[in-house]
Amino acid sequence: VLMFQLVATLEELKVYWGTATTGKPHVAYFVPMSKIADFLKAGCEVTILFADLHAYLDNMKAPWELLELRVQYYEQVIKAMLESIGVPLEKLRFVKGTDYQLSREYTLDVYRLSSMVTEHDAKKAGAEVVKQVDHPLLSGLLYPGLQALDEEYLKVDAQFGGVDQRKIFTLAEKYLPSLGYTKRIHMMNPMVPGLTGTKMSSSEEESKIDLLDKKDDVKKKLKKAFCEPGNIQNNGILSFVKHVLFPLSSEFVIKRDPKWGGDKVYTSYEEVEKDFAEEQIHPGDLKASVEVALNKLLDPIRKKFETPELRKLTSQAYPEPTKNTKGNPKNATEEDDVVPSRLDLRVGKVISVEKHPDADSLYLEKIDVGEEQPRTVVSGLVAYVSQEELQDRLVILLCNLKPQKMRGIESQAMLLCASVEGDPRRVEPLNAPEGSAPGDRVYVEGFESGKPDDELKPKKKVFEKLQVDLKISDECIAQWKEKDLMTKLGKITCKTLKGGNIS
């Protein structure tokens, strides 16, 4: 509604949408693409900015030597997206950031702006966009100011972006007039939660479905996605239906077996949400139906990238890690790097807990980790934690160990605890931040973007090597090499065991 009111006052509203050329674009990009289609239908002039310099400034998410190749990849894949939803490319203008951001005039404005913006304002503006670390690089603090200046140098009336950009928009509105430039209009689209419940991010592999993912990969990622029965909060699957599928189509079909009622056609998102909330739609049926609709959108993009030229571009822009050879141990593969991002750590909720039928020292637990079915977990906590303490509490699980039988029952994850040796030995389960939900991803600060192994190979002893440096701080915070274990909501802690080990 706001857009059409603006167009009524400005005959040809000039709008720009920008994207930092970091990781491979994902399916949530269909949200702004559908809005760009709306802008064009309304008669707006639309510029798409490939913000290559921003990609480097944001903690070097894109290496300098790959910037040009990443821009080429983004341009090709976004054009393919737009074509797949019927957007005419001739009405769009495509611009690369470094085509003007390295000019004398722009650089002088960066210096002028840096003399006005405080460190506090710069850090606050980028809080939801720039990677947050304890000791931020100056480059990340420059990022929001450059995005504000882009509005002037692209000669637009308005900037369009996700709601995560709102603090950068506020900075632009505050400081551009101080440089003698006009305050611009800002418009925002909602963010689609990722498959893990957080924002879907190009640089966070586990949260997203890439535009070029194969059908098997799409199925696998959707199957693992957080989609709790009846839960409509932070549900990336439902949000995709709401913000992508319905804007592009007048209906959505839930496909299911005739014995469960057969297919059902929905003509509004509200009907889908209501039925899911009332558990009239099973998460498995929702995921399967989204899979069908999503593959229809992705098929034309996959087909375009089957050409030798675009296959080569993809491999050059996103090269595989150099493989290790016996003669050159420095060229270690990502698979051989012992880093904490290889661990699939998640928040779980204990649904049930009982004594193991064949072992007095073991508990047999059913734990919800955000999948369709709870996992069976066997843990040796009988001597340390009561059944009442475990029942219905949130815990932290390592989910990609190879399942192993413990006294005849297969354990499908490890429940992580803090412990202090002594007489008696003390053990406490780790605590998730308040408000956490089953399936929330747990990561080590600074290793947010890595992808966990599908399954840790026992012979590699990845967890055992990492476990040596897993400790509890003097503030009862779980850490790896003094870097905090976290979720999107805060830090992982324990109750009292300062200086303890984690296992």
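## Overall picture

Accessible areas here come from the Shrake-Rupley method with a 1.4 Å probe, and for residues only the protein chains shown count as cover. On that basis the protein chain exposes about 24400 Å², with carbon and sulfur atoms supplying 50% of it. Keep in mind that this is a predicted model: local features need pLDDT of at least 70, side-chain atom pairs count only at pLDDT 80 or more, and totals for chains, interfaces and linings use all residues. Residues are numbered from 1 along each chain as its sequence is written, and side-chain values use heavy atoms, with hydrogens and water left out.

Of the 503 residues in the protein chain, 52% are buried (buried means under 20% relative accessible area, exposed over 50%, partly exposed in between, with a 1.4 Å probe and protein chains only). A compact globule with 503 residues would have a radius of gyration near 23 Å, and the protein chain's 25 Å agrees with that; the radius is taken over C-alpha atoms, and the globule rule is 2.2 Å times the number of residues to the power 0.38. The C-alpha atoms fill a box of roughly 75 × 60 × 50 Å along the principal axes.

The secondary structure comes to 15 helices and 22 strands. These are DSSP runs numbered from the N terminus (helices are H or I, at least four residues; strands are E, at least two). Among contacts with a separation of 6 or more, 70% are between residues 24 or more positions apart (contact means heavy atoms within 4.5 Å).

Five strands form an open, parallel sheet in the order 3-2-1-4-5; two strands pair if DSSP finds at least two bridges between them. Strand 3 (92–96) and strand 5 (185–189) are at the edges with a single partner strand each, so one side of each has no neighbour in the sheet. From one strand to the next, the twist averages 25° (axes are lines fitted to C-alpha atoms, for helices over the stretch in contact, and angles run from 0 to 180 degrees between N-to-C directions).

Strand 2 (residues 45–51) runs parallel to strand 3 and is joined to it by five bridges. One of the residues to look for is phenylalanine 50, whose bridge partner in strand 3 is lysine 96. Helix 7 (residues 138–153) lies across strand 1 (14–20), strand 2, strand 4 (158–162) and strand 5, running at about 150° to strand 1.

## Threonine 21

Threonine 21 sits in the loop between strand 1 and helix 2 (30–41), and at 0% relative accessibility this threonine counts as buried. Leaving out residues up to four places away in sequence, threonine 21 touches Phe50, Ala51, Asp52, Ala55, Ala62, Arg70, Val71 and Tyr74.

## Lysine 255

Lysine 255 is in the loop between strand 6 (252–254) and strand 7 (264–266). With a relative accessible area of 40%, lysine 255 is partly exposed. Beyond its neighbours within four places in sequence, lysine 255 contacts Asp263, Asp285, Ser289 and Val292. Lysine 287 is 32 residues from lysine 255 in sequence and 9.7 Å away in space, C-alpha to C-alpha.

UniProt lists residues 339–443 as "domain: TRNA-binding" in an unreviewed entry. The span is 4% helix and 49% strand, and its end C-alpha atoms lie 11 Å apart.

Strand 9 (residues 359–368) and strand 10 pair antiparallel over five bridges, with tyrosine 363 opposite serine 379. Their hairpin has six residues between the strands, and glycine 370 there takes a positive phi near 85°. Five of the five residues of strand 10 (residues 375–379) are buried, so this strand is largely enclosed by the rest of the structure.

Note on methods:
UniProt positions are given in the numbering used here, feature names are shortened, and annotations may be inferred rather than shown by experiment.
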